[in-house]
Amino acid sequence: MNLQSPVSTYSISFPSIDCDQDLEQLAKELNGEVVDKNVIQLSGGLAKGLVKRSQIEADCCIRTWNLLFNYPVELCKPGIRSDNKSFSVIYVLTPDSFRLKSVGGHRQFNQTEARSTLIVANDIDLRFDVIPYYAVQAIEIRITTFWLARHFQQAGLPLENLLDRINEKEASLILSSICTTSVINNVNKVFEACMNTEPDNDHAGQLATSLILDFLHKAFNNQPPKVFGNHDAHFLKVMEAEAILKAHLQRNLPPVCAIAQQVSLSESTLKRHFKVIFGKNLYEYYLEKKMNLAKLLLLEQPLTVYEAANLMGYEKVSNFIWIFKKHHGFSPGSLKKRGLVNL
């Protein structure tokens, strides 16, 4: 992809997970390179970060995304028909920056930042919008009908509803549900196991299998997975706390105890559940959002470093420069000089 001529949004196709040729094609689309056979590394231009593939079983593969894009991007997953039915299970850990745009050509208008489980047959097109300058973290798991049947049997779960549903000819399988805190906790563990320098595929596979089987068993037996509106009140309160953090990106953050009091949680409960849901503590999350916003302002507006520091609520420019460089790996001044293309 040529990045010399700016466009409003780049369209990138991401193909199947388990084929080496498709991995090479995805690397080409992302302007990255394949290293260690299963890792796509991106070091600038379009994005920075990694895409990792983990082969769990012959018919179960995980692809983990951990990137930061420098441009608005539409990621497209084309539907592919096959005699051996396969499915994608998708967990988006950063729904504020990686949003489902359409399923099978039907536009999605729900822009909630709630984390959810999406299981969709691989003959259905999917499109996602990626917001630039923010972390994009997601997990795709490709499974087949044979994998599902085998693991349902091993777990002692009823197969009748499962096979009837996935073999329906008039409509391809599409299931989704908002994640509970416990599901998010396990999804975070799968992400960490896959993204480690030495991936733990066995642990990731066990957790992913448990997540998928539990979700499908409830969905196909009229036991909808719990949603946090009625069953997971802590989630809603943590979302309120996140909104407070985002409202203070251009000013000083209140003490955690004050935020906890505002959302009617104890400080320890807020810290614990926030870490489970977002994978980092409140201040780490706040600082990441704050520095990403600072980068965006410097790139899109004719600001001096002093003006940017002032906009972000810093009294001392030196403090802003030090934190910005620690977070991004380069100073705000070098960002202004080098521009977006070379980062």
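Strand β8 (residues 98-103) and strand β11 (residues 126-130) pair in the antiparallel sense over 5 bridges; helices (H or I, at least four residues) and strands (E, at least two) are DSSP runs numbered from the N terminus, and two strands pair if DSSP finds at least two bridges between them. The model is predicted, local features need pLDDT of at least 70, side-chain atom pairs count only at pLDDT 80 or more, and totals for chains, interfaces and linings use all residues. Residues are numbered from 1 along each chain as its sequence is written, and side-chain values use heavy atoms, leaving out hydrogens and water.

An open sheet of 5 strands runs in the order β1-β6-β11-β8-β9, with mixed pairing. Its edge strands, β1 (10-13) and β9 (106-107), each pair on one side only.

The second largest pocket holds about 370 Å³ of space. Among its 13 lining residues, L67, L68, A135, E288 and H327 lie nearest the centre.

A pocket is an open set of points on a 1 Å grid over the protein atoms alone, where a 1.4 Å probe fits, with protein on both sides within 12 Å along at least five of seven lines; lining residues have an atom within 4 Å of a point. Its volume is the space filled by probe spheres set on the points, which are joined across faces, edges and corners.

S334 lies in helix α13 (residues 332-338). S334 is buried, with a relative accessible area of 18% (buried means under 20%, exposed over 50%, partly exposed in between, with a 1.4 Å probe and protein chains only). A polar atom of the S334 side chain lies 2.8 Å from the backbone oxygen of S331.

How values were computed:
Polar contact = N/O pair within 3.5 Å; in protein donor to acceptor, adjacent residues only side chain to side chain.
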